[in-house]
Amino acid sequence: MFTRDDTRAVKGAAILLMLLHHLACYASRYPLDFPGFASLIPGFVENGYLTDVALNALICVPTFFFLGGYGLYKRWERGGFRLLDALLDLYKRYWRVFAIFVPVAFLFFARPQGSMSEFCTRYLVASPRQFWTDFLTNLTGYAATFNSEWWFFGSYVCALPLGCLFCMGTKNHRSFLADLFLVFAIHILTQGLFPALASVPALSALGRNLFYYRFLELNKFAPVFFCGIVFAKYDGLVRIKNCLSRGVWRPVLGFAGALAVFFCRAWVMTDMDGADVILVPLFAAFVSALFDCWRVLKGCFAFLGRHSANMWLVHSFYCYYFLEFTKLVYCTRSVWLDLLILAGLSLGTSILLELFYGALGKAVRHRDKALSVR
């Protein structure tokens, strides 16, 4: 089986990979007084292995797209998916973080350029007009200038209606391979043909067309969203997991398989576009098989997965934009201790956000009930 808890557990692994990616991949984003990471393993940092691992941790992004497509199809299959409701829920979660962190950023973390990373200076207001332009484009998810790592939101919003069309268009299909090759075709079109057409001088206006840019020139990870739909339709993840041995060998094969996919992506297929359509489903299945053998571990990662959306939305503020918190995150030279600090800050913030909005919702309902009694 691949249940909702399995999805959450894989999301929990993916969010930790995202934190590692943003923490250790970009040396230019470190605090200026941070000397860099060190390791007990000779050459692990100096020879670039940490950078390779952190860079390839970006597999988290197509994994989130894949799981999003997987969940969309399962809800669509049950008749419980409504596009408008899904978009509204997505915006509500985004706006809940936006309403707190954006004002805090401009009130307390707006600084002129000095002896700090340029990432710590982006909340200076150049002009009221520019501020309100940025505010509206960020509020809608059209742009991500307040937090560069929020680009995923706009891409995911565009993937949802396309995913619905894909479900409807392939409803009567009964071939896994045919639907998978359709995903390959979508990748070729959205990553190769459509961008190339927009670069032709006679067709250059296409690049400025909202619908062409948002729905035909998809983000490079977005085609994996449709792969998630295909694997959900044909129970592909369950089939992969069933191929693994039972008993003591299952966690070994799950761990070895996930590790093999991870490093295949980093060192074998690093120069190839589209490999994620194949690698990400394997990665999700292997990680899920590993968690099946350790219920406590699966529960811990499922807990992280329940908070993964909030953690994604808030973690980069601590990692890049809020200087005092950035110094706290990079307070040691151990990438694993610093990752633990970043994960703790992000998870703790998510829990507090849920408590705050839960209490706020109860207060509103209590007020409405009192008013109705009167």
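Val224, Cys227 and Phe231 of helix α9 meet Asp276, Val277, Val280 and Pro281 of helix α12, where contact means heavy atoms within 4.5 Å. By class, this contact holds six nonpolar, no polar and one charged residues (Ala, Val, Leu, Ile, Met, Phe, Trp, Tyr, Cys and Pro count as nonpolar, Asp, Glu, Lys and Arg as charged, the others, Gly among them, as polar). The model is predicted, with local features needing pLDDT of at least 70 and side-chain atom pairs pLDDT 80 or more, while totals for chains, interfaces and linings use all residues. Residues are numbered from 1 along each chain as its sequence is written, and side-chain values use heavy atoms, without hydrogens and water.

The axes of α9 (residues 223-233) and α12 (residues 276-292) come within 10 Å and cross at roughly 50 degrees. Helices are DSSP runs (H or I, at least four residues), numbered from the N terminus.

The largest pocket has a volume of about 1300 Å³. A pocket is an open set of points on a 1 Å grid over the protein atoms alone, where a 1.4 Å probe fits, with protein on both sides within 12 Å along at least five of seven lines; lining residues have an atom within 4 Å of a point. Its lining comprises 37 residues, and Lys11, Arg75, Leu90, Arg93 and Tyr156 lie nearest the centre. Helix α3 gives the most, nine residues. The lining has 17 nonpolar, seven polar and 13 charged residues.

The second largest pocket has a volume of about 650 Å³. Of its 18 lining residues, Ala13, Leu17, Phe255, Leu259 and Phe262 are closest to the centre. Helix α11 gives the most to this lining, with five residues.

Conventions
Axes fitted to C-alpha atoms, helices over the stretch in contact; angles between N-to-C directions. Helix = DSSP H or I, 4+ residues; strand = E, 2+ residues; numbered from the N terminus. Points joined across faces, edges and corners; volume = space filled by probe spheres on them.
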